[in-house]
Amino acid sequence: MSIQISIPSLVICLINLCTLAFYYSFYRFHFYRFTEGFLQYTALAFSLFSAGIAIGLQAMFLQLVPSGGPIWNSFFLSSFVEEFAKLLGIYLFFSKNQDEFTVTDGIFYGLVLGGGFGLVENILYFINTGLWSQVLRSITALPIHMMNGGLVGAFTMMFLFHKNPVFKWGNLLSGFLVCVFFHGLYNLSLFQEIDLLLILPICILALFFLLEVTIAKSRILVPGHILKLMDMSMEEYEILSRHNRHEGWIQNVQKHISTSGIRLFQYPNLRHTILTIFFLVPGIFSIYLLYDSPEWIGRKFPDLALQDYFALFVMYPIVLALMFFFAGILNPYFFRDRMLAVPLFSSVDMHVGNKEENSAIFHIKANLFYLPTSQNYEKETKASFDLWLGLNCFSGLKGKVLWSRENEEGNCGVMCQLDSIPYAFLLKWNYFRFKQNLKNLFLRKVQV
């Protein structure tokens, strides 16, 4: 008995392989040049594991809910189940030797795992909708799987490095749900043909820019073994880094040193500029062809619907041009070194026994903050805190000192954790922070 494979099936398989190779090369040379072949093959193996988990879960839910509606099928049966399967695969990939990796490692190997998952799904999920519709699905679904894999990889590494359950689960769930939303929106637009030409670029570009921000921020985060050497969790490191940025701002102001030269955007490199033009020209030419010679398109491609033509030959090349142009233009040092024109801070009174410390905090995450002090304190020292925001005082808040240390200049500081923090304080803090950011935006324009 011979097995016959149709020409369209071979074409779709080849397009999927080329798409995977294209996006892999794009991110491989974009931000992660040093890779280990064994880890990449392992990530691909875990992509097969994740695909198997997704197929098993989908079969189980189809038995329970055989006739779900489009929302159920798009956002839960497909998007939620598949992203959960990838999350499980990425977690198992990193959990054993997590301290050897960084958040950047999580992004890249998450991209590899997501790409392998998308390739398996596209090959297995061959729907009878015609060649051109399959081509459109192949070149759009696979990069969405890859970018979601990279984002899930970043959130998984943050989950493994965080200790506080608020940060561990908060970051993971919020990032995971963002991936589920854009994946589900893509599914809904593709299967129901709802604003396809609008939804597809929104989903791809939104995930791309979110991944770019995550890549830029990941470059200034340290790996797990460094956090262990410093005896810190990731949330403590982020709070201390933010505090150091504010102290650096104060020193720079006193020394009349400006940080205005640290820009958010860098200039695109020559290779990306050339590739931007390479993809932009065909997209513009396809628009010209559509308006000047639509009958020629109908003769050459009789089975190609107008919507598919516009998506394949106009929208997609322009999306790729935008991706190449904006890839890597975010400056990671902006997130580390650039300081607000005027920072926001809150006055704090810390009471330990009969001793009172009057200090200030520049940044607070949930119930954690770093506080400059006049001396060191023992770990787990019980304390009470009065937090001031303007004329509003939140007094008598119970908490403890997680750790205390002295820097190279001889200044002491403590990382503090409140037993609970009033929601009113967090709301006012974020409200004042938003107002201050707006003021800083105008102050920058005046000063630069």
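**Nonpolar patch and salt bridges**

Leu 131 lies in helix H5 (residues 131-161); helices (H or I, at least four residues) and strands (E, at least two) are DSSP runs, numbered from the N terminus. The model is predicted, so local features need pLDDT of at least 70 and side-chain atom pairs count only at pLDDT 80 or more, while totals for chains, interfaces and linings use all residues. Residues are numbered from 1 along each chain as its sequence is written, and side-chain values use heavy atoms, with hydrogens and water left out.

Leu 131 is partly exposed, with a relative accessible area of 36% (buried means under 20%, exposed over 50%, partly exposed in between; 1.4 Å probe, protein chains only). Together with Ile 7, Leu 10 and Val 11, Leu 131 makes a nonpolar surface patch of about 340 Å². Patches are made of residues with over 30% relative accessible area and no salt bridge, like charges being joined within 9 Å and nonpolar side chains (Val, Leu, Ile, Met, Phe, Trp, Tyr) within 5 Å. Helix H1 (residues 7-30) gives the most to this patch, with three residues.

A salt bridge is a side-chain nitrogen of Lys or Arg within 4 Å of a carboxyl oxygen of Asp or Glu, and four are counted by this rule. One of them joins Glu 121 and Arg 137 (3.3 Å, N to O). Glu 121 lies in helix H4 (residues 103-124) and Arg 137 in helix H5, so the pair ties together parts that are 16 residues apart in sequence. Both Glu 121 and Arg 137 are buried.

Definitions and conventions:
Accessible areas come from the Shrake-Rupley method with a 1.4 Å probe; for residues, only the protein chains shown count as cover.
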